[in-house]
Amino acid sequence: ETDNRLLMLLVFTSRLREQPLHIISLGASGTGKTYLQEKIAQLIPDDHKLEMTALSENALYYFDRTELKNKLVLIEDLDGAQDEKILYAIRELMSKKRISKTLPIKDAKGNLKTITLQVEGPITLAGTTTKEKIYEDNANRSILIYLDNSVKQQQAIIEYQQKLSAGLINKQEETEAVSQLQNIQYMLESVKVRNPYAPQLQIPQTVFKPLRTNAHYLAFIETVTFYHQFQRVKKKDSLSGSDYIETTIEDIEIANRLLKDVLLTKSDELT
């Protein structure tokens, strides 16, 4: 799960960018999907995220106009959001970065009039599910990760639980690490990213929906660069005068390592 958790943290960080990424954790019941999402979400400041255990049909439309802007929206169990109207609203927020709904209401005199509810993004959506095929349209817009259900991984979790019960885990050290990573999120500034190597990068044509997957791949590389913005030299655009930073080979290496299994999984028709 080392790669999964790093990948998830970077996707969560992308909420601060104009074109954020989304992530869905897949796996059988009891493999730790929700646990992983909850633990990595702890590294995001509370005022930068919104956690939902369930969604009703119109729930997303009743947020304040900018309440979801650049927020991490966590849905604990997508299996509880099978209504097509809910999924449509989620897809619109992911793709168009806004949703709207026109409703009739009665004024103080009892006369009918219409109002339009508008909610703006962009958002980063994260969710867990056991049913990949049901959410195919939403999954196409997301990075999909599969949980490690191997005997080795299960044994590692059991050993951690045993150490925790025996008081052998330094909880203070964990708390300090969480605090530090949250503070890093506060420090990140809105800065443009340019990838000078993008024209030379190619993904296998066998991947599922190559156009969208290629967009995810490039956006993820940019997010790696974005996260390392204090290790990159800021440059100034000669025309617009705006600041930007450039992707390095190291950023691409990190992205390739974290996305390799994800892209290979997407190229296989089998779940």
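The salt bridges come to 12 here, counting a side-chain nitrogen of Lys or Arg within 4 Å of a carboxyl oxygen of Asp or Glu. Keep in mind that this is a predicted model, where local features need pLDDT of at least 70, side-chain atom pairs count only at pLDDT 80 or more, and totals for chains, interfaces and linings use all residues. Residues are numbered from 1 along each chain as its sequence is written, and side-chain values use heavy atoms, with hydrogens and water left out.

**Salt bridges**

- Arg257 pairs up with Asp3, with 2.9 Å between the closest N and O atoms. Arg257 sits in helix α8 (residues 249-266) and Asp3 in helix α1, so this bridge ties together parts that are 254 residues apart in sequence. (Helices are DSSP runs of H or I with at least four residues, strands are runs of E with at least two, and both are numbered from the N terminus.)
- Arg257 has a relative accessible area of 46% and is partly exposed; Asp3, at 28%, also counts as partly exposed. (Buried is under 20% relative accessible area, exposed is over 50%, and partly exposed is in between, using a 1.4 Å probe and protein chains only.)
- Glu120 and Arg65 make another salt bridge, the closest N and O atoms being 2.8 Å apart. Glu120 belongs to strand β5 (residues 112-120) and Arg65 to the loop between β2 and β3, so parts 55 residues apart in sequence are tied together. Glu120 is partly exposed at 23% relative accessibility, and Arg65 is partly exposed at 45%.
- Asp237 and Arg194 meet at 2.2 Å, N to O. Asp237 is in the loop between β9 (235-236) and β10 (243-246), while Arg194 is in strand β8 (residues 192-194), so the pair links parts 43 residues apart in sequence. Asp237 is buried, with a relative accessible area of 14%, whereas Arg194 is partly exposed at 37%.

**The β8-β10-β9 sheet**

- Three strands make an open sheet in the order β8-β10-β9, with mixed pairing. β8 and β9 are at the edges with a single partner strand each, so one side of each has no neighbour in the sheet. (Two strands pair if DSSP finds at least two bridges between them.)
- β8 and β10 run parallel over three bridges, and Lys192 stands opposite Tyr244 in β10.

- Helix α2 (residues 33-41) has Lys33, Leu36, Gln37, Ile40 and Ala41 buried. They cover an arc of only 125° around the axis, which puts them on the same side of α2; the arc is that of the directions from the helix axis to the C-beta atoms.
- Among the elements covering those buried residues are α1 (2-13), β1 (23-26), β3 (71-75) and β6 (123-129).
- For α6 (residues 171-187), 17 residues at 1.5 Å a residue should span 24 Å, and the end C-alpha atoms are 25 Å apart, which agrees. (The expected span is 1.5 Å times one less than the number of residues.)
- At the start of α6, a side-chain oxygen of Asn170 comes to within 3.2 Å of the backbone nitrogen of Gln172.

**Leu74**

- Leu74 is in strand β3 and is buried at 3% relative accessibility.
- Not counting residues up to four places away in sequence, Leu74 touches Phe12, Gln37, Ala41, Lys49, Leu50, Glu51, Met52 and Ala126, where contact means heavy atoms within 4.5 Å.

Note on methods. A polar contact is a pair of N or O atoms within 3.5 Å; within protein, one must be able to donate a hydrogen and the other to accept it, and residues adjacent in sequence count only if both atoms are side-chain atoms.
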